[in-house]
Amino acid sequence: MKKFLLSLFAAALMALPAAAESLTVNGQTRTYNIIVPKNLGENRPLLIFCHGYNQDANWMQNSEFKNDNVSMEAVCDTAKFICVFPNGIDRAWDVGGDRDINFIKAIIEKMVTQHKIDRNRVYLGGFSMGGMLTYNAINKMSEQIAAFVSCSGPSVVTPKSGLRPIPLLHIQGTADNWGGVQPALNPWINHNGCSTQDKVINNYNGFSGAKLHIWGPGNDGVEVRLIELKDKGHWICKEPQVYTGKEIWNFCKKYSLAMESPQVRITSPTSDLTYLTFGGQSQVGTIDIDVTATDPNGVIKKVQLFDGDNLIGTDTTAPYHFAVSSLTKGKHNLRVVATDNENCTGEARLAVTLEEPTVNYVFTKIFNTEGSVPQGWQTFDGNEKRTGYAAGFSSGCRVFHFTGEQHDFEWGLYVRNIEGRTNEGYARFAAPETSTKLMLYPGNYNLLHRIANWNIEEFAPVRIAIERADGTVAYEETITPTVNIGNSAENSFSGTTMGTVSFDIYEQGQYQITFYTADQAWADAVVGQAALRYKSAIVVGIEEKGMRREERGAKADQLFDLQGRPVSPSSSHHHGIFISNGRKIVK
């Protein structure tokens, strides 16, 4: 009995009474609940967490943040920070204006006066509509909030110009409008200069129903994180392994507005790069890297670029720029290190991978996430352009997972043309806007493909184009699929043919491969398999052969290919690069 009473006494000492308080904002009385740990001390952090629509502070604190094992009070007591649960007006928030932004600002000022909190470690989060308010606050008061958290609250804004890199945690269940999460996070991932390819931790914290996605670190070392909760609905997760209150604190505590070290950002390229080089060459030309660096309490002395631990270059004058041309095949972890006058350093990273495939390179091998646009791919349907990696789509251009009893391919990238306008329905590999660069050197190539229609009773043709990075067509060919899948990924389908497009490249450079739908409303295509094969180098000099028209007694305007071979009239409709009257022309 004595032991039992002692346990109750110890629990009572740890319990932190919540208090309801009020303040006046814009002539209106606003209320909030507050948790203040015992023996708080000064210069401690503050977390403000906002309830959802038709809820209030009491419900948020005592229902959603409490279970039999742990509570937000216990988290606050252990880490020694204050937690405030504000009340919205009429149980709702102004998610686009300034009314509740002013409320949050007033709370911060009162906590500074009343509890001497650390202004540099103020964090803001919210559930549902409170999460929407949180996203609104990023653009309106990022200079006062060190990190942001949204639980089941979709983003209603995109980053404003000039905004600093933003640490962001989003938590959501897959049964709760999951399709809208990834598209909403993409602008923030890109804004922070994070890699668009996430690091995934399955069975997060030993919980089989949780998956952690991490993008970053990006500029200033910030991350975007997403905790995916399998089959969870529209509520706060209170599992012992993934207790939302702990997850919020563990993420936020890493960030502060008091940046004493230099802040360095890679402004271009905006994400990690992968170069695919074909033709027996591993060179990729020059990679230009632009950097900004500032110091909050001094001046930048130098900015250095490292490949791992090897110094590549040093720049001592802003704007900082590096032209890198010495990278070899393999993965390079480039580090930009800024050093200030006190020899403090800040760092940003960029990964550059150089691949030189020697056999078929299957660039559809990364079709493995349903509802995504994979890394290196871009789609357009006449209305929306999607650049991978992006996921969470439940409509429009995206990857399908085919589960019918029979299926010629298990995964496929669906693309459509809504209005039917020319070139406005496509799936493009290695577009300049993506992080994948396709470098082709002179030679003979085969493009292997397996393509179907998605929902067209009469088969619609698909145009395959090999294009330079500026969109100039080097070669194109139109094929007609032999299978219509029938508007359901669960349908069986068979009979798609493995086609081959053979083409020659005569000028080295950066290229893209585009699969265009027909130019008709709701024309579509599904790219199931695609691979590129480098066959051989072009040995014969093209200029020498191309100039022999008169020696052969050819008629005026006779076409020759770039190896000097006459092109028959029946094949002159083909597209590509030819010699006419001693000049190279593009058809």
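User: How are helices and strands assigned here, and where does Ser256 lie?

Analyst: Helices (H or I, at least four residues) and strands (E, at least two) are DSSP runs, numbered from the N terminus. Ser256 is found in the loop between H7 and strand E11 (263-268). The model is predicted: local features need pLDDT of at least 70, side-chain atom pairs count only at pLDDT 80 or more, and totals for chains, interfaces and linings use all residues. Residues are numbered from 1 along each chain as its sequence is written, and side-chain values use heavy atoms, with hydrogens and water left out.

User: Is Ser256 buried, exposed or partly exposed?

Analyst: Buried means under 20% relative accessible area, exposed over 50%, and partly exposed in between (1.4 Å probe, protein chains only). With 26% relative accessibility, Ser256 is partly exposed.

User: Which polar contacts does the side chain of Ser256 make?

Analyst: A polar contact is a pair of N or O atoms within 3.5 Å; within protein, one must be able to donate a hydrogen and the other to accept it, and residues adjacent in sequence count only if both atoms are side-chain atoms. The Ser256 side chain reaches the backbone oxygen of Asn120 at 3.4 Å, and one of its polar atoms lies 3.1 Å from the backbone nitrogen of Ala258.

User: Why is helix H7 described as largely enclosed?

Analyst: Seven of the nine residues of H7 (residues 244-252) are buried, so the helix is largely enclosed by the rest of the structure. Among them are Trp249 and Phe251.

User: How many disulfides are there?

Analyst: A disulfide is a pair of cysteine sulfur atoms within 2.5 Å. By this rule, the count is zero.
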